[in-house]
Amino acid sequence: MQAFRKLDRSGDGVVTIEDLRGVYNAKYHPKYQNGEWTEEQVFRTFLDSFDSPYDKDGKVTLEEFLNYYAGVSASIDTDVYFIVMMNNAWKLSSSEARDQLR
């Protein structure tokens, strides 16, 4: 939830390209740097990784985000390691993430 809230800058429960503009810097993506992709393409590809494979609409709902991480968590041995992974990936507070498990 903490990671989703970080992405959902508008607070409307859906992550869009506009939300990403405030939290994700496309200029560091290798394909943007070499001119292969535009900033828009970087954002779209990022969202597509979380978007439902059955409805690629460029918007990521909380349910889609949680489904993505349910799949990720299935390959992780312990909740503690999952928390560490999420904290590192999203630069989250570890105490708040631990509280989410309780």
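Residues are numbered from 1 along each chain as its sequence is written. Because the model is predicted, local features need pLDDT of at least 70 and side-chain atom pairs count only at pLDDT 80 or more, whereas totals for chains, interfaces and linings use all residues; side-chain values use heavy atoms, with hydrogens and water left out.

The structure holds 13 aromatic pairs (rings of Phe, Tyr and Trp, the last by its six-membered ring, with centres within 6.5 Å; planes under 30 degrees apart count as stacked, over 60 as edge-to-face and the rest as tilted). In one of them, the ring centres of Phe46 and Trp90 are 6.3 Å apart and the planes stand at 70°, so the pair is edge-to-face. Phe46 belongs to helix H4 (residues 39–48) and Trp90 to helix H6 (residues 79–90), so this pair ties together parts that are 44 residues apart in sequence. Helices (H or I, at least four residues) and strands (E, at least two) are DSSP runs numbered from the N terminus. Phe46 is buried, with a relative accessible area of 17%, and Trp90 is buried at 11% (buried, under 20% relative accessible area; exposed, over 50%; partly exposed, in between; 1.4 Å probe, protein chains only).

For Tyr69 and Phe82, the ring centres are 6.3 Å apart and the planes are at 70°, so this pair is edge-to-face. Tyr69 in helix H5 (residues 62–73) and Phe82 in helix H6 are 13 residues apart, and the pair links distant parts of the chain. Both residues, Tyr69 and Phe82, are buried. One aromatic cluster includes Phe46, Trp90, Tyr69 and Phe82, with Phe4 and Phe65 also among its members.

The UniProt record, in an unreviewed entry, lists residues 1–30 and 38–75 for "domain: EF-hand"; such annotations may be inferred rather than shown by experiment. Residues 1–30 are 37% helix and 7% strand, with the end C-alpha atoms 28 Å apart. Over residues 38–75, the chain is 58% helix and 5% strand, and the end C-alpha atoms are 33 Å apart.

Thr61 is located in strand S2 (residues 60–61) and is partly exposed, with a relative accessible area of 30%. Residues up to four places away in sequence aside, Thr61 touches Phe4, Gly13 and Val14 (contact, heavy atoms within 4.5 Å). Thr61 and Gln41 are 20 residues apart in sequence and 19 Å apart in space, C-alpha to C-alpha.
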